[in-house]
Amino acid sequence: MACAVKIENLVKRYKELIALDHFGLEINEGEVFGLLGPNGSGKTTTINCLLSLLEYDKGKIEIFGKEMKPDSYDIKQNIGVIMQNVAVFDQLTVRENIDFFCGLYIKDKALRKKYVDEAIEFVGLEDFTKFYPRKLSGGLLRRLNIACGIAHKPKLIILDEPTVAVDPQSRNKILEGIRKLNKDGATIIYTSHYMEEVEQICTRILIMDKGKSLAVGTNEELKKMIKNTETIEIEAADASTGNLEALGRLPHVYDVSYDGVKIRVRCSGGKHNLIRVLDYLQSEEVVFGRVYSELPTLNDVFLEITGKNLRDNA
């Protein structure tokens, strides 16, 4: 599979602060690649270096097999960027905004009109073409922002928090659009603090912190990297200390906690963990209510690898 983006040994310093510490990644063509990290991890710096908007101290960046430089306009015209902060012109209508940004790359008027019409239809703004941005809701503004970034049909699309503070309908529309862009051949770099979105649409995910790559792989590959493979919660109002110690001695159990209402049993590997836990409770006649068994989520992976909760750092 051809490589769309290759970053090698990237170093970026701000005086004493090392924003990127020998950072590297490879993104294959056709991927939806999730770039995750808490605030201050280096995600934005990485994107700015990738776009050659920021000088870096060391390293190499290639896009579609060519070295990326500030004057690499042939590469830049194949990149679409949708940043977290909406960047459109208030004095232009929806159609005029999309036409302006598309016109930066597409000079042929007939082709540009076709692309603008397709972008408007793609994000579902057909009924708002004559509206000015100030008249649009937050969700519609996000859709306009995306249309401006993808109207020229770029091969590489960078989406930075595209669904922040939007209504559920617009969020679904945006996620559907990302899938379609990818299906149509675009390679996508996606950052988000919404783990469920990343799990839903990303083919591979990189977790970074303090300017370093900590882990990379598919959703399932990342989950196999952590100790916790199953968490069992049992509603039990009268569990004794002896019960908790006995649960802790069961095969594959590495942590047991109790808050007076729920017993929480964490397991690492193994099968039939839930059956063993319930068999023990029944044998000891411990009265219990609802029982939950959960496999690890991407947020569990992030928390174990970085020591932080991604959403708390949003």
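User: Which helix gives the most to the lining of the largest cavity?

Analyst: Helix 6 does, with five residues. Bear in mind that this is a predicted model.

User: How big is that cavity, and what lines it?

Analyst: The largest cavity has a volume of about 70 Å³. Its lining is made up of Phe 122, Val 123, Arg 143, Ile 146, Leu 159, Lys 173, Ile 174, Gly 177, Ile 178 and Leu 181. Besides helix 6 (168-183), helix 4 (109-123) and helix 5 each give two or more residues to that lining.

User: How does the lining of the largest cavity divide into nonpolar, polar and charged?

Analyst: Seven of the residues are nonpolar, one is polar and two are charged.

User: OK, switching to pockets. What's the volume of the largest one?

Analyst: About 380 Å³. The largest pocket is lined by 16 residues, and those nearest its centre are Ile 79, Val 81, Ile 82, Phe 101 and Tyr 105. Strand 6 (79-82) and helix 5 (138-150) each supply at least two residues of the lining.

User: And how many of the pocket's lining residues are charged?

Analyst: One is charged, alongside 11 nonpolar and four polar.

User: You mentioned Tyr 105. Which nonpolar patch on the surface is it part of?

Analyst: Tyr 105 sits in a patch with Phe 89, Phe 100 and Leu 104, and together they have about 350 Å² of accessible area.

User: Where does Phe 89 lie, and why does it count as partly exposed?

Analyst: Phe 89 is in the loop between strand 6 and helix 3 (94-103).

User: Now the charges. How many salt bridges are there?

Analyst: The structure holds 16 salt bridges. One of them joins Asp 99 and Arg 112, at 3.0 Å from N to O. Asp 99 is in helix 3 and Arg 112 in helix 4, so this pair ties together parts that are 13 residues apart in sequence.

User: Are those two partners buried or partly exposed?

Analyst: One of each: Asp 99 is partly exposed at 29% relative accessible area, while Arg 112 is buried at 16%.

User: Which residue forms a salt bridge with Arg 171?

Analyst: Glu 197, with the closest N and O atoms 3.1 Å apart. Arg 171 lies in helix 6 and Glu 197 in helix 7 (residues 195-201), so the bridge ties together parts that are 26 residues apart in sequence. Glu 197 counts as buried, at 2% relative accessibility.

User: What about Lys 6 and Glu 8, how far apart are their closest N and O atoms?

Analyst: 3.8 Å, and the two form a salt bridge. Lys 6 counts as partly exposed at 26% relative accessibility, and Glu 8 is also partly exposed, at 35%.

User: Last one: which residues are linked with Lys 113 in a network of salt bridges?

Analyst: Arg 95 and Asp 117.

Note on methods
Residues are numbered from 1 along each chain as its sequence is written. This is a predicted model: local features need pLDDT of at least 70, side-chain atom pairs count only at pLDDT 80 or more; totals for chains, interfaces and linings use all residues. Side-chain values use heavy atoms; hydrogens and water are left out. On a 1 Å grid over the protein atoms alone, a cavity is a set of points where a 1.4 Å probe fits but cannot get out, and a pocket is an open set with protein on both sides within 12 Å along at least five of seven lines; lining residues have an atom within 4 Å of a point. Grid points are joined across faces, edges and corners, and a volume is the space filled by probe spheres set on the points. Helices (H or I, at least four residues) and strands (E, at least two) are DSSP runs, numbered from the N terminus. Ala, Val, Leu, Ile, Met, Phe, Trp, Tyr, Cys and Pro count as nonpolar, Asp, Glu, Lys and Arg as charged, and the others, Gly among them, as polar. Patches are made of residues with over 30% relative accessible area and no salt bridge: like charges are joined within 9 Å, nonpolar side chains (Val, Leu, Ile, Met, Phe, Trp, Tyr) within 5 Å. Accessible areas come from the Shrake-Rupley method with a 1.4 Å probe; for residues, only the protein chains shown count as cover. A salt bridge is a side-chain nitrogen of Lys or Arg within 4 Å of a carboxyl oxygen of Asp or Glu. Buried means under 20% relative accessible area, exposed over 50%, partly exposed in between (1.4 Å probe, protein chains only).
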